[in-house]
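Visitor: I would like to learn how to read a model of this kind, one feature at a time. Where do we begin?

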Amino acid sequence: MKKLILAAVAAMLVFSACEKEKKDKSVVTTETTAVAATAGLVVENTISTDKQYMFNKYGKDYRFFESQIVLKDYLNKENDGTIETITNVFQVVDMVEDQKSADVFVVMITHKTSGETIYDVKDGFWIEDEVLNDEAITVKFAQAYANLMATNFPKPYSKHVVLRKQVGPKEANAQFIFGNTRLCYFVDAVTGAVSDKNPAFENIEGFKAPLGEWP
């Protein structure tokens, strides 16, 4: 899993000061809301609504890092791509009054098929991903899933998918990554191409690490 570094460490970093409307940024551990359950979860819809939530609550200076998707069934079993939960991960940097230091916290918004939404806010910052706010993502999850399932690759024993742009030595598009550290596949979020190699670390030994877990 990704590492949440304590804000005490984050205070050592230098952040650019910016003027923004003062909003309530009280950190809470977990907050839940319940709404009527829909026919199914749609990745793109949750990203859109969560971005709007982040803008309304924290202003425009938030960072969107990834979407963590859990399927109802394993990829190597009978599976139609139905989603069980989606967690969208954001980071907020709140400059303090002296504009020389900052509070940094991560907001994880989880959507369940029941209609429940969980807001989990933690002090710290997110690493290993590049920011997706302005990243071109033209392939939808449903298409990425269909592209993978149409291949002859052996499917991994996993329910997990993540949309992310991993920090690495090579520039690459954001990827839908299906699987785990033992077996995973990368579907380009711009072209839809499917690969069994991590484009951010292709041809570099020992750095496949698709889901933020180093070997």
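Predicted model: local features only at pLDDT ≥ 70, side-chain atom pairs only at ≥ 80, totals over all residues.

Guide: Begin with the list of secondary structure elements.

Visitor: How many helices and strands does the protein chain have, and how do the elements run from the N terminus on?

Guide: The protein chain has 3 helices and 9 strands. From the N terminus on, the order is α-β-α-β-β-β-β-α-β-β-β-β.

Visitor: What share of the residues counts as buried?

Guide: Of the 215 residues in the protein chain, 43% count as buried.

Visitor: Let us turn to single residues. Where is T85, and is T85 buried or exposed?

Guide: T85 belongs to strand 3, which covers residues 83-95. Its relative accessibility is 16%, and because the cut-off for buried is under 20%, T85 counts as buried.

Visitor: Which residues does T85 touch, leaving out those up to four places away in sequence?

Guide: T85 touches L41, Q68, I69, V70, T110, H111 and K112.

Visitor: Take T110, then. Where does T110 lie, and which residues is T110 in contact with?

Guide: T110 is part of strand 4, residues 102-112. With neighbours within four places in sequence set aside, T110 contacts T85, I86 and T87, as well as E116, T117 and I118. The side chains of T110 and T87 are also joined by a polar contact of 2.8 Å. At 17% relative accessibility, T110 counts as buried.

Visitor: How far is T110 from S67?

Guide: In sequence, T110 and S67 are 43 residues apart; in space, C-alpha to C-alpha, 9.5 Å separates T110 from S67.

Visitor: What about K112: where does K112 lie, and how accessible is K112?

Guide: K112 lies in strand 4. Its relative accessibility of 31% makes K112 partly exposed. Beyond four places in sequence, K112 is in contact with L41, E84, T85 and I118. Along the chain K112 and L41 are 71 residues apart, while their C-alpha atoms are separated by 7.6 Å.

Visitor: What follows strand 4?

Guide: The loop between strand 4 and strand 5 contains G115. G115 is buried, with a relative accessible area of 9%. G115 and G40 are 75 residues apart in sequence, and the C-alpha to C-alpha distance between G115 and G40 is 9.3 Å.

Visitor: How should I read backbone angles?

Guide: Most residues other than glycine have a negative phi. Here E128, which is not a glycine, has a positive phi of about 80°. E128 sits in the loop between strand 5 (116-123) and helix 3. At 12% relative accessibility, E128 counts as buried.

Visitor: Which residues of helix 3 are buried?

Guide: The general idea comes from the helical repeat: an α-helix has 3.6 residues a turn, so residues three or four places apart point the same way. In helix 3, residues 141-149, the residues F141, A144, Y145 and L148 are buried. Seen down the axis of helix 3, these buried residues fall within an arc of 100°, so they line one face of the helix.

Visitor: Last, the cavities. How many of 30 Å³ or more does a search of the whole structure find?

Guide: The search finds 1 cavity of 30 Å³ or more. The volume of the largest cavity is about 60 Å³.

Visitor: Which residues line the largest cavity?

Guide: The lining consists of R164, K165, Q166, A172, N173, Q175, I177, F186, N198, P199 and A200. By class, the lining of the largest cavity divides into 5 nonpolar, 4 polar and 2 charged residues.

Definitions and conventions:
Residues numbered from 1 in each chain as written. Heavy atoms only, no water. Helix = DSSP H or I, 4+ residues; strand = E, 2+ residues; numbered from the N terminus. Buried < 20%, exposed > 50% of the residue type's maximum accessible area, 1.4 Å probe, protein only. Contact = heavy atoms within 4.5 Å. Polar contact = N/O pair within 3.5 Å; in protein donor to acceptor, adjacent residues only side chain to side chain. Arc of directions from axis to C-beta. 1 Å grid on protein atoms, 1.4 Å probe; cavity = no way out; pocket = protein on both sides within 12 Å on 5 of 7 lines; lining within 4 Å. Points joined across faces, edges and corners; volume = space filled by probe spheres on them. Nonpolar A, V, L, I, M, F, W, Y, C, P; charged D, E, K, R; others polar.
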